[in-house]
Amino acid sequence: MKDLLFPLPRMLFTFLNLARARHIGLQLCERMDMEEEKTMQAQEAMEADLRYPIGKFQRPEILTEAQRREFIDAIAAAPARMTAAVAGLSAAQLDTPYRPGGWTVRQLVHHVPDSHMNAYMRCKLALTENEPTIKPYDEGAWAELVDSKSAIEPSLALLGNLHERWVLLLRSLGPSDWPRKYRHPEHGAMMSLETTLALYSWHGRHHVAHITSLRERNSWR
Ligand code: NI
């Protein structure tokens, strides 16, 4: 009888308790989501950091002569910087990815001359033809070919020799040469020699920094 008299308050009580539990549950979920998001953001920031140790490429509007000289000097210095970055590394260290899921140091050493051979060709095409369309290449697939997993010495030598010729060419260019362009069929974008210079000056430093920052993190002296 008593039970029959109080079903409503009891139901209300149960309902309120459930609602309160659900509310706390939601709050907890929300807090967990926020924390998870914070962790994810921190992880993304760290990954971006590992990926872009010197920052992303900033496309310059126009270069001054002093900037051009500086960028050419950076291209001239790249082979020695790369050689110094990998000096004394063991085979196991060379086969270590510079970031989780990234290329190994060995693949990076092979990638830079692969990429710069293409860039050198593009420069020569732009200098000798009228706005030629260049041929892109699949850098990820190139990095999986057997020569990208082989001894690094030939690629260090290749980079040195390639940059010697490239720098000779770049230092010979006059004001009317720098705006010369080629077309990249994938982006449909026109790339000037000036932008190419800025891009590849960044690109060499970018990959060398992958290796030097990995050495730093792992205390590989
Ligand atoms: Ni690259």
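**Figure 1. Order of the elements along the chain.** From the N terminus on, the elements follow the order α-α-α-α-α-α-α-β-β-α, which gives the chain 8 helices and 2 strands; helices (H or I, at least four residues) and strands (E, at least two) are DSSP runs, numbered from the N terminus. The model is a predicted one, in which local features need pLDDT of at least 70 and side-chain atom pairs count only at pLDDT 80 or more, while totals for chains, interfaces and linings use all residues. Residues are numbered from 1 along each chain as its sequence is written. Of the 221 residues of the chain, 23% count as buried, where a residue is buried if 20 or more other C-beta atoms lie within 10 Å of its own, exposed if 12 or fewer, and partly exposed in between, with C-beta atoms placed from the backbone.

**Figure 2. Helix α3 beside helix α7.** The axes of helix α3 (residues 65–86) and helix α7 (residues 153–171) come within 9 Å and cross at roughly 170°; axes are lines fitted to C-alpha atoms, for helices over the stretch in contact, and angles run from 0 to 180 degrees between N-to-C directions. The two helices α3 and α7 are therefore roughly antiparallel to each other, a term for angles over 145 degrees, whereas angles under 35 count as roughly parallel, 65 to 115 as roughly perpendicular and the rest as oblique. Among the residues that make the contact are I72, I75 and M82 of α3 and L159, W166 and L170 of α7, two residues being in contact if their C-beta atoms, placed from the backbone, lie within 7 Å. By class, the contact of α3 with α7 has 11 nonpolar, 3 polar and 1 charged residues; here Ala, Val, Leu, Ile, Met, Phe, Trp, Tyr, Cys and Pro count as nonpolar, Asp, Glu, Lys and Arg as charged, and the others, Gly among them, as polar.

**Figure 3. Helix α5 beside helix α8.** The axes of α5 and α8 come within 11 Å and cross at roughly 175°, and α5 and α8 are therefore roughly antiparallel to each other. Residues that meet here include V105, L108 and V112 in α5 and Y200, I211 and L214 in α8, and the residues of this contact divide into 10 nonpolar, 8 polar and 1 charged. Helix α8 (residues 193–217) has 25 residues and reaches 36 Å from its first C-alpha to its last, close to the 36 Å expected at 1.5 Å a residue, the expected span being 1.5 Å times one less than the number of residues. Just after α8, S219 takes a positive phi of about 50°.

**Figure 4. The largest nonpolar core.** This core has 27 residues, and those with the most contacts inside it are M82, V86, V105, L108, V109 and I211; a nonpolar core is a set of buried Ala, Val, Leu, Ile, Met, Phe, Trp, Tyr and Cys residues joined through C-beta atoms within 7 Å. Helices α3, α5 (105–128), α7 and α8 each supply at least two residues of the core. Not counting residues up to four places away in sequence, V86 touches L94, V105, V109, I152 and I211.

**Figure 5. A87 and R106.** A87 lies in the loop between α3 and α4 (91–94) and is exposed, with 8 other C-beta atoms within 10 Å. R106 lies in helix α5 and is buried, with 22 other C-beta atoms within 10 Å. Leaving aside neighbours within four places in sequence, R106 is in contact with L94, D95, K149 and I152.
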